[in-house]
Amino acid sequence: MTNKRNVAAILGGIAAVALFLIVNPWFAVDPKSTLDQIVTVVFWVSFLALLVVLFEMRKEPGGETIEIEGPAFTRFLFGNSRAGLFWLPVRIFVGFTWLEAGYHKFSGTGWMDGGAALKGYWERVVVVPPAGEGSPAITFEWYRTFIQTLLDNNAYSWFAPLITFGEMAVGIGLLIGLLTGFAAFFGALMNMSFLLAGSASSNPVLFTLAIGIILAWKVAGYYGVDRYLLPMLGTPWRPGAVNDRDTGPASAPAS
């Protein structure tokens with residue numbers, strides 16, 4: 001545990017310094033330079049390696065020990081089945097919002113018939129206005145490059161239906177409490193994508209609520225399908241009925 005703790009500390013320090021060099025407003029490296037690319041790679045490599053080390057530390061003796069207790073109410077809210085009543089209206093609100101958004105795209109034009117609506121949206125958000133004429137919709141250059149790459153490869157033709165069905169799937173999953181944590185995660189992922197593209201609308205509210213549902217994934221769908229499905233599927237640390245195979249009676253000890 002001590003060795004991994006030291007490795008985690010080193011990796012965390014490297015990631016923090018690299019990120020500081022990238023985002024600080026005083027002496028950050030040139031965002032278009034080779035050095036910026038190197039520092040960015042160093043950050044992501046060290047950060048992902050840190051996650052791997054921390055995950056392995058969880059398996060060490062004492063890795064499951066809670067060193068800092070949280071408030072009792074939050075433990076109740078995110079870990080008690082009765083708190084599912086709190087998350088039920090949240091699920092209904094977020095679920096119907098996603099379902100309506102997806103159905104609007106499905107029944108309208110520009111999404112299921114070639115993706116023209118999504119193409120026009122991408123073309124607008126990648127534009128960088130001349131200096132002094134406003135700010136670009138996209139703040140981060142890497143995300144603008146990502147959207148431009150999708151445009152250049154005509155990805156809107158298949159990405160538009162993907163978004164449409166994805167929104168409806170997230171909505172249905174949340175409404176019936178089916179794999180609620182996964183549904184909320186993919187909903188939050190779409191919210192973040194829209195926010196990165198400069199679209200606020202209802203995305204900040206939906207993203208915030210989705211994070212809460214993700215944290216409460218064990219109980220958020222208790223008043224729904226997850227009440228029966230999760231015990232069957234189990235979790236990575238506790239097999240469910242589907243994976244808990246009966247290995248038969250134990251052998252009798254030798255006399």
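Visitor: How is the exposure of a residue read, and what is the relative accessible area of Ile176?

Guide: The general idea is a scale of relative accessible area, on which a residue is buried under 20%, exposed over 50% and partly exposed in between, with a 1.4 Å probe and with protein chains only taken into account. Ile176 has a relative accessible area of 38%, so Ile176 is classed as partly exposed. Please keep in mind that this is a predicted model, in which local features need pLDDT of at least 70 and side-chain atom pairs count only at pLDDT 80 or more, whereas totals for chains, interfaces and linings use all residues. Residues are numbered from 1 along each chain as its sequence is written, and side-chain values use heavy atoms, with hydrogens and water left out.

Visitor: In which helix does Ile176 lie, and which residues does Ile176 touch beyond those up to four places away in sequence?

Guide: Helices are DSSP runs of H or I with at least four residues, strands are runs of E with at least two, and both are numbered from the N terminus. Ile176 belongs to helix α7. A contact means heavy atoms within 4.5 Å, and, once residues up to four places away in sequence are set aside, Ile176 touches Arg91, Gly224 and Val225.

Visitor: Where is Ser33 found, and is Ser33 buried or exposed?

Guide: Ser33 is in the loop between α1 (2-23) and α2 (34-57). Ser33 counts as buried because its relative accessible area is 19%. A polar contact is a pair of N or O atoms within 3.5 Å, where within protein one must be able to donate a hydrogen and the other to accept it, and residues adjacent in sequence count only if both atoms are side-chain atoms. Here a polar atom of the Ser33 side chain lies 2.7 Å from the backbone oxygen of Asp30.

Visitor: What is phi of Asn154, and what is phi of Ser201?

Guide: Most residues other than glycine have a negative phi. Asn154, in the loop between α6 (141-152) and α7 (156-176), has a positive phi near 55°, and Asn154 is partly exposed, since its relative accessible area is 43%. Ser201, in the loop between α8 (180-196) and α9 (203-215), has a positive phi near 50°, and with 72% relative accessibility Ser201 counts as exposed.

Visitor: How far apart in space can residues be for a given separation in sequence, and where in space does Leu233 stand from Leu19?

Guide: Leu233, in helix α11 (residues 226-233), is 214 residues from Leu19 in sequence and 39 Å from Leu19 in space, C-alpha to C-alpha; at 37% relative accessibility Leu233 counts as partly exposed. Phe186 of helix α8 is 25 residues from Ile211 in sequence and 11 Å away in space, C-alpha to C-alpha, and Phe186 is partly exposed with a relative accessible area of 43%. Ile38, in helix α2, is 13 residues from Pro25 and 18 Å away, C-alpha to C-alpha, and Ile38 is partly exposed at 47%.
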